[in-house]
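Hi everyone, thanks for coming. Let me put the structure up, and then I'll walk you through a few parts of it.

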Amino acid sequence: MSKPLFQRPRGTYDIVPPDYRSWRYVLGVFETNSLNAGYDRISTPAFENTALFTRSVGEASEIVSKEMYTFEDKSGNSLSLRPEGTAAVVRAYLENGLASRPKPVKLYKMEPMWRYERPQAGRYRQFYQAGVEVFGSAEPLIDAQVISLAARFYRQLGIEYSLQINCLGNAAARRKYRAKLVDYLQAHTTKLPELVQAQLKSNPLRILDSKDPAMESIIAGAPQVIDYLDKASAKHFSAVLELLDNFGIAYELNPRLVRGLDYYTGPLFEFWGSHQGMQNAIGGGGRYDELVEELGGRPTPAFGFDLGVERILAELAKSKSAMPQAHPTPIYLVSIGEDAKAQAFVLEQELLDGGIASICELPARNLADQLARASKLKSPYSLIIGKKELLDQTVILKDMTSGTQEMVPRAKIASELSRRLAQ
Ligand code: HAM
């Protein structure tokens with residue numbers, strides 16, 4: 001047996017038929033919900049100037065320091081494949097003058113991302129995110145509406161989740177908290193694992209996220225960011241929680257949740273699925289009121305989230321909830337004899353022109369074989385053309401569920417099918 005010369009790069013996957021049907025369904029539910037809630041789609045290039053990400057996601061963050069696919073182009077520019085979408089959307093928001101539109105500006109996106117992570121179940125080097133960003137409103141209502149949009153999406157898909165939420169304060173409050181946390185952790189220096197020692201210098205807040213069992217009790221006793229919030233952030237956060245209560249969205253306050261991106265300034269959250277083990281975050285986001293200004297715009301409050309499509313599909317596969325297959329079932333055209341076959345191919349094109357999914361195949365098959373094939377394709381109807389039908393300018397319309405057949409004038413078949421399929 002011959003062996004293929006190439007394999008896909010580690011941490012990537014192919015979507016082969018029929019798997020994209022589930023993708024279409026999941027992305028469709030996301031898109032419908034976004035459109036219903038007044039969002040418009042934005043799309044940005046797969047790669048950006050590297051500095052955009054270093055500046056926004058944070059030089060010391062793992063995403064930037066370890067996981068970016070960075071390369072020089074032939075002109076010597078440093079470019080990086082997009083490791084996350086928010087910074088790119090902010091760049092596009094500023095560059096395309098969206099900042100002058102009536103606020104809030106509500107955008108949604110569905111794009112692949114790239115991170116050089118250690119691949120494992122639910123963790124890929126190329127993965128797909130769907131999410132929203134809202135610009136120009138500091139109102140707690142926006143936070144609650146966006147979180148509710150995400151929750152509605154999971155709910156509609158029948159995915160069980162737990163919503164984890166925390167809040168970071170303004171820059172001064174974050175600095176004060178960071179200093180307190182470093183003091184506390186330094187007091188435990190002898191017990192800290194090597195990785196944590198390094199993070200202590202570069203990104204101490206991330207230590208709270210550590211999954212290392214040796215850190216469990218140290219973290220449990222650590223100061224909590226919520227106790228260091230400035231007044232405005234504390235007020236904002238309780239307003240968001242009250243709105244979530246009003247919307248009937250359950251949440252868990254999680255003082256350890258800090259997330260891996262440096263741009264957050266207020267409430268932040270993650271949705272955790274029930275099946276994913278260590279990679280259980282099926283979505284996350286938060287408020288980032290300083291990023292637009294940091295990237296050269298006017299001070300503009302902002303809030304958003306992204307969810308991981310592969311992880312959602314994995315949840316769905318494990319939850320065994322039946323997934324509607326958003327795929328058209330075609331009308332199958334059956335023909336007997338060469339002349340009839342030629343006519344069937346013409347009819348197929350007419351039906352496709354009219355937006356009716358139809359299939360007419362080449363291989364010579366007898367009537368029974370062709371009808372068996374129609375059943376296999378789950379065709380709701382098959383159309384049969386033989387010598388007699390050719391002469392009479394008719395078509396036999398066979399209802400594949402009931403088995404009933406009737407003669408329909410050839411000129412009326414497309415409209416008759418449209419009428420029946422619309423019922
Ligand atoms: P993030 O938490 O880094 O946030 O990613 C969002 C989601 O993408 C995660 O919850 C997870 O489901 C999925 N994800 C992340 N890395 C991988 C991976 N290697 N393989 C598969 N799935 C993955 C952001 O990216 C922010 N842009 C969210 C945001 C939007 N904040 C404000 N606006």
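So, by class, which residues make up the shell around the ligand? There are nine nonpolar, eight polar and eight charged residues. For the classes, Ala, Val, Leu, Ile, Met, Phe, Trp, Tyr, Cys and Pro count as nonpolar, Asp, Glu, Lys and Arg as charged, and the others, Gly among them, as polar.

Quick housekeeping before I go on. This is a predicted model, where local features need pLDDT of at least 70 and side-chain atom pairs count only at pLDDT 80 or more, while totals for chains, interfaces and linings use all residues. Residues are numbered from 1 along each chain as its sequence is written, and side-chain values use heavy atoms, with hydrogens and water left out.

Back to the ligand. It has 25 residues around it, and Glu84, Glu117, Tyr264, Ala281 and Asp306 come nearest; a residue is near if one of its heavy atoms lies within 4 Å. Now some polar contacts, meaning pairs of N or O atoms within 3.5 Å. Glu84 has a polar side-chain atom 2.6 Å from a nitrogen atom of the ligand. Ala281 uses a polar backbone atom, 2.8 Å from a ligand oxygen atom. And at Gly283, a backbone N or O atom sits 3.1 Å from an oxygen atom of the ligand. Taken alone, the ligand exposes 660 Å², and the protein buries 96% of that, using Shrake-Rupley areas with a 1.4 Å probe.

Which strands supply at least two residues each of that shell? Those are E6 (126-135), E10 (281-287) and E11 (302-308). E10 gives the most, with five residues. Strands here are DSSP runs (E, at least two residues) and helices are too (H or I, at least four), numbered from the N terminus.

Next, helix H9, residues 231-247. Its 17 residues reach 25 Å from first C-alpha to last, close to the 24 Å expected at 1.5 Å a residue, where the expected span is 1.5 Å times one less than the number of residues. Ser233, His236, Phe237, Val240, Leu241, Leu243 and Leu244 are buried in H9. They share one side of H9, because they cover an arc of only 160° around the axis, taken from the directions from the axis to the C-beta atoms. On the other side, Lys231, Lys235, Glu242 and Asn246 are exposed. Buried is under 20% relative accessible area, exposed over 50%, partly exposed in between (1.4 Å probe, protein chains only).

Last stop: Lys387, in helix H14 (residues 387-392). Lys387 is exposed, at 71% relative accessible area.

Terms used
A polar contact is a pair of N or O atoms within 3.5 Å; within protein, one must be able to donate a hydrogen and the other to accept it, and residues adjacent in sequence count only if both atoms are side-chain atoms.
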